[in-house]
Amino acid sequence: MTRRFLFVLGSARTEGNSELLARRAAEQLPPDVEQQWIDLSEHPVPDFEDLRHDSDHVRPTEGSLALLLDATLAATDIVIVTPLYWYSVSAQTKRYLDYWSGWLRTPGLDFKATLAGRTLWGVTALAHREEVVADPLIGTLHNSAAYLGMRFGGVLLGNGSKPGDVLNDTEALTRAKTFFAQEAPPARFLYQQD
C-alpha cells in the first residue's frame with residue numbers, strides 16, 4: 001500500500017511553529033509518499049454532539065466534516081500538528097478527535113477496523129524548555145492510537161513561542177530530519193505494557 005500522510009493542522013495561527021516544524025519533517029519524506037494538508041482553521045467543524053444513546057451518527061457527505069472523514073480514512077499515516085495549548089492539544093484539534101467518537105458509531109464506516117494498523121504521529125511546539133510539560137498531549141495521542149489499534153510514532157517536539165521561533169531550535173530541526181523514518185510500534189495502553 002502506498003503511504004499517504006494526512007497532516008491535520010490545529011493551530012489558531014497560520015504557519016505557526018508547529019506547522020513549520022511539521023513541514024521540515026515532511027520535506028524528508030520520499031517523493032512517492034502522498035501528502036495532504038488540512039488546516040482546521042480553514043475547515044472548521046461544529047462542536048461535536050454525542051448521539052450514541054439517542055441515534056446513529058450519519059456519514060457526512062459534504063463540507064469540512066466530509067473532507068476530514070474521507071482524508072482520515074484514506075491516510076496510512078495521520079499527523080496531528082498542534083501547538084501545546086494548556087498542556088494538551090488545541091481546541092480545533094480536540095474537536096476533530098471528538099468526531100472520531102461519532103465515526104466509530106457511524107453505520108457502514110468500520111472506522112476502528114480501518115484505522116487499525118495505521119500510524120498516528122504528532123508534531124507540536126511548546127513555549128517551555130522542559131518537554132515533560134507536553135506529557136498530557138502525548139498521552140492523548142498515544143491513548144487514542146492504542147484504543148484504535150494503531151501504531152504510534154511519537155510526538156516531535158520543538159520550542160517556540162513567537163512566530164518562527166522553532167526554526168532556531170536546532171535540536172528539533174535535527175530530529176525532524178529522521179522523525180518519519182523511524183519504525184512506529186503498535187500503541188499500547190500503559191496497563192498493557194507489563
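Leu-9 has Asp-39 of strand S2 as its bridge partner. The model is predicted; local features need pLDDT of at least 70, side-chain atom pairs count only at pLDDT 80 or more, and totals for chains, interfaces and linings use all residues. Residues are numbered from 1 along each chain as its sequence is written, and side-chain values use heavy atoms, with hydrogens and water left out.

S1 (residues 4-9) and S2 (residues 34-39) run parallel, joined by 6 bridges. Strands pair if DSSP finds at least two bridges between them. Strands (E, at least two residues) and helices (H or I, at least four) are DSSP runs, numbered from the N terminus. From S1 the chain crosses through helix H1 (residues 17-26) to S2. This β-α-β crossover is right-handed: with the strands pointing away from the viewer, the path from the first strand over the helix to the second runs clockwise.

S1 also runs parallel to strand S3 (residues 77-81), with 5 bridges. There, Phe-5 has Asp-77 as its bridge partner. In S1, 5 of the 6 residues are buried (under 20% relative accessible area, 1.4 Å probe, protein chains only).

## The largest pocket

The largest pocket has a volume of about 270 Å³. A pocket is an open set of points on a 1 Å grid where a 1.4 Å probe fits, with protein on both sides within 12 Å along at least five of seven lines; lining residues have an atom within 4 Å of a point. The volume is the space filled by probe spheres set on the points.

Of its 14 lining residues, Leu-97, Asp-98, Trp-100, Ser-101 and Ser-144 are the closest to the centre. Helices H3 (91-104) and H5 (135-148) each supply at least two lining residues. H3 gives the largest share, 6 residues.

Definitions and conventions. Buried < 20%, exposed > 50% of the residue type's maximum accessible area, 1.4 Å probe, protein only.
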